[in-house]
Amino acid sequence: MTLTPIASNRAVDDDPRRYEHLSTIRLEDPEAVARAAKSRRRHPGLKSGRQNFIVAADHPARGALAVGPDPVAMADRRQLLDRLQIALADPAVDGVLASPDIMDDLLLLGALDGKLVFGSMNRGGLAGLVNEIDDRFTGHTAAALEALGADGGKMLTRICLGDPDTVATLEATAKAIDSLAERKLIAMVEPFLSVRENGRVRNDLSTNAVIKSIAIAEGLGSTSAYTWMKLPVVAEMERVMAATTMPTVLLGGDPDGTQDEVFATWEAALALPGVQGLTVGRTLLYPADGDVAGAVATAASLLHHTTEASE
């Protein structure tokens, strides 16, 4: 199956001072962030039968700047904000998942009106850190997300059976789920079974490993009423989705295949029961051909919106 981007990028201003006003606001009027959050128009609400499209932008906060062969692709904040605004300008994009710094920039830019907003909660497990599995909650708190008028928070939950820090991460995740649920906010849990190889953490993307990670993650916290899963697209997704009754969004990660191949795997997975949509970042913000708007539009065309959901 071949999928071709169906829209072109709009021109991006390359003026190095184009976001200088954000620095000025942060210097002179830091309370502007809270005012922007309070005045923001909220998303109309989640509906069964309407899959959601959320753009992820929380990678830099844990030092994960690479996209494909470029180790610092996400390092330029101006380019990242350009790309995020292009993506969010597409009406098919429902929202964003971001760390506090990026979230605040987007609020000040007025880019989140009518959008779902998910904050990134644990960013302490820095990429390559010697104790990476000890993934401390250094980002959004549930209280902060409530104050922002956010819809929920996301937590990366890596389970390394050979690392004693795993139990602390699981406990912290459970507490975060409870804290979000107390406020009726969604807990978007992103679980992986992980292993250490040559001093680095690698996520096991075999079907059975993903299924086992789901079984562990969906049992965290004293309630699962507000818990979602955020899962990779792997082989035998039918078996993966049979492992949970929780609303599930698919993550994109850093793809190995071509853009067409990646989109084809997403299309197949999006047809499965329980899949609520996509939460994708680098794949769409930094496509190989540079066409952010085209990549976003093509991904959006894969989502399922039933007649009942639009009534």
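Two strands pair if DSSP finds at least two bridges between them, and strands themselves are DSSP runs of E with at least two residues, numbered from the N terminus. The model used here is predicted, so that local features need pLDDT of at least 70, side-chain atom pairs count only at pLDDT 80 or more, and totals for chains, interfaces and linings use all residues. Residues are numbered from 1 along each chain as its sequence is written, and side-chain values use heavy atoms, with hydrogens and water left out.

**Exercise 1.** Work out which strands pair with strand 7, and in what sense.

*Solution.* Begin with strand 5 (residues 186–197), which pairs with strand 7 in the parallel sense over three bridges; here Ala 187 has Thr 227 of strand 7 as its bridge partner. Then turn to strand 8 (residues 248–251), which pairs with strand 7 in the parallel sense over four bridges, with Leu 251 of strand 8 standing opposite Pro 232.

**Exercise 2.** Decide whether the faces of strand 7 are covered or open.

*Solution.* Buried means under 20% relative accessible area, with a 1.4 Å probe and protein chains only. On one side Thr 227, Met 229 and Leu 231 are buried, and on the other Trp 228, Lys 230 and Pro 232 are buried, so both faces are covered. Because six of the six residues of strand 7 (residues 227–232) are buried, the strand is largely enclosed by the rest of the structure.

How values were computed. Buried means under 20% relative accessible area, exposed over 50%, partly exposed in between (1.4 Å probe, protein chains only).
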